[in-house]
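This report describes a chain through its helices, their packing and a few selected residues. Please keep the sequence and the coordinates at hand while reading.

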Amino acid sequence: MSVIWWMILRRLGFGLVTLFVISVVIFGATEMLPGDLAHNILGQSATPETVAAFRHELGLDLPAHRRYLDWLLGALHGDFGSSLANRRPVADLIATRLGHTLFLAVYAAAIAVPLSIALGLAAALFRNSIFDRTSNAVALTAISFPEFFVGYILIFLLAQTGLFPSMARIDPTTTLAEALYRAFLPALSLTLVVSAHMMRMTRAAIINLLALPYIEMAHLKGIHPMRIILRHALPNALSPIITVVALNLAYLVTGVVVIEVVFVYPGLGQLMVDSVAKRDFPVVQAICLIFAAAYVLLNLTADVLATLSNPRLVHRK
């Protein structure tokens with residue numbers, strides 16, 4: 001297991017370096033936006049003295065590297081500053097929205113992961129059948145459509161008929177059953193987008209193994225095809241399947257921006273779009289950094305699980 005711990009430490013180091021580079025990019029991108037932030041907030045009628053005082057209050061009169069270090073040190077302690085729009089701490093604004101985004105991501109993953117693996121196994125078992133060709137055609141169609149288009153199609157088909165609400169409004173008083181009902185269309189939209197990748201990867205990994213000699217020997221022994229796939233092929237195909245599942249889970253957390261806007265879902269994506277419109281840079285920077293940290297962490301998880309599923313990588317000679 002020393003190999004695993006060494007790999008985890010090394011990947012954590014690379015992840016921290018990646019997050020540092022991303023933080024520089026995030027802060028630099030907001031700094032390069034055109035226009036003066038103080039003028040945009042106070043309006044054109046503000047006097048130069050008022051603008052100067054406001055810039056001093058926000059710390060905009062300090063050098064860029066000083067403001068970046070202050071922001072980075074604060075972020076390491078969980079302090080992302082205060083929102084420019086309502087003067088509330090950014091951490092308080094993000095706390096509730098982060099829970100909503102994670103709920104939607106877990107909801108979509110609970111549907112997408114079992115469904116994708118089951119469809120991939122069935123497509124590999126009935127290869128070149130009508131089911132296999134139909135599932136591949138549907139998967140390619142789902143991959144080709146952008147998220148917002150899938151969301152609008154579901155609204156037209158399921159919300160216009162009154163089966164589900166077109167706007168996923170969730171508040172602290174919403175029960176779990178109501179939240180599952182209201183968030184079903186956003187979760188289904190994300191499921192249709194990410195399931196295709198996982199299903200096709202599962203199918204490809206299983207089909208590659210079905211041509212190996214030990215699988216042919218199992219067929220010659222008269223073992224049932226489903227048992228061959230579940231007992232002999234699937235354990236050896238876990239590494240690529242785990243990788244693609246973890247990457248799609250990372251997408252579910254970080255790629256919900258468009259879906260949240262389409263369904264007016266109160267998550268981090270909706271908050272980030274609203275903050276960009278208001279030029280509320282502290283909120284935008286904090287959300288981007290959280291998304292980047294989630295993506296790096298899930299990539300690390302994918303690497304560790306994929307390595308643990310392969311005995312040749314765990315027990316090296």
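Which are the buried residues of helix α11 (residues 225-233)? They are Ile228, Ile229 and Ala233, where buried means under 20% relative accessible area, exposed over 50% and partly exposed in between, with a 1.4 Å probe and protein chains only.

## Basis of the model

This is a predicted model, in which local features need pLDDT of at least 70 and side-chain atom pairs count only at pLDDT 80 or more, while totals for chains, interfaces and linings use all residues. Residues are numbered from 1 along each chain as its sequence is written, and side-chain values use heavy atoms, with hydrogens and water left out.

## Overall architecture

The chain has 16 helices and 0 strands; helices (H or I, at least four residues) and strands (E, at least two) are DSSP runs, numbered from the N terminus. The C-alpha trace spans about 85 × 60 × 35 Å along its principal axes, and of the 317 residues in the chain 41% are buried. Among contacts with a separation of 6 or more, 73% are between residues 24 or more positions apart, contact being defined as heavy atoms within 4.5 Å.

## The buried face of α11

Seen down the axis of α11, its buried residues fall within an arc of 95°, so they line one face of the helix; the arc is that of the directions from the helix axis to the C-beta atoms. These buried residues pack against α5, α9 (184-210) and α10 (213-220).

## Packing of α5

Helix α5 (residues 90-125) and helix α12 (residues 238-254) have axes that come within 9 Å and cross at roughly 150°, the axes being lines fitted to C-alpha atoms, for helices over the stretch in contact, with angles from 0 to 180 degrees between N-to-C directions. The two helices are therefore roughly antiparallel to each other, given that angles under 35 degrees count as roughly parallel, over 145 as roughly antiparallel, 65 to 115 as roughly perpendicular and the rest as oblique. On the α5 side Thr101, Ala105, Ala108, Ala109, Val113 and Ile117 meet Ile241, Val245, Leu249, Leu252 and Val253 of α12. By class, this contact has 10 nonpolar, 1 polar and no charged residues, where Ala, Val, Leu, Ile, Met, Phe, Trp, Tyr, Cys and Pro count as nonpolar, Asp, Glu, Lys and Arg as charged, and the others, Gly among them, as polar.

With helix α14 (residues 268-278), α5 packs at an angle of about 135°, the axes lying 8 Å apart, and the pair is therefore oblique. Leu93, Ile94, Arg97, Leu98 and Thr101 of α5 make this contact with Leu268, Gly269, Gln270 and Leu271 of α14, which by class gives 5 nonpolar, 3 polar and 1 charged residues.

Ser23, in helix α1 (residues 2-31), counts as buried at 1% relative accessibility. Leaving aside residues up to four places away in sequence, Ser23 touches Tyr68, Trp71, Leu72 and Leu289. Leu300 belongs to helix α15 (residues 281-308) and is buried, with a relative accessible area of 12%; not counting residues up to four places away in sequence, Leu300 touches Ile8, Arg11 and Leu12.

Arg203, located in helix α9, is also buried, with a relative accessible area of 18%. Beyond residues up to four places away in sequence, Arg203 touches Gly120, Ala123, Ala124, Arg127, Asp132 and Asn136.
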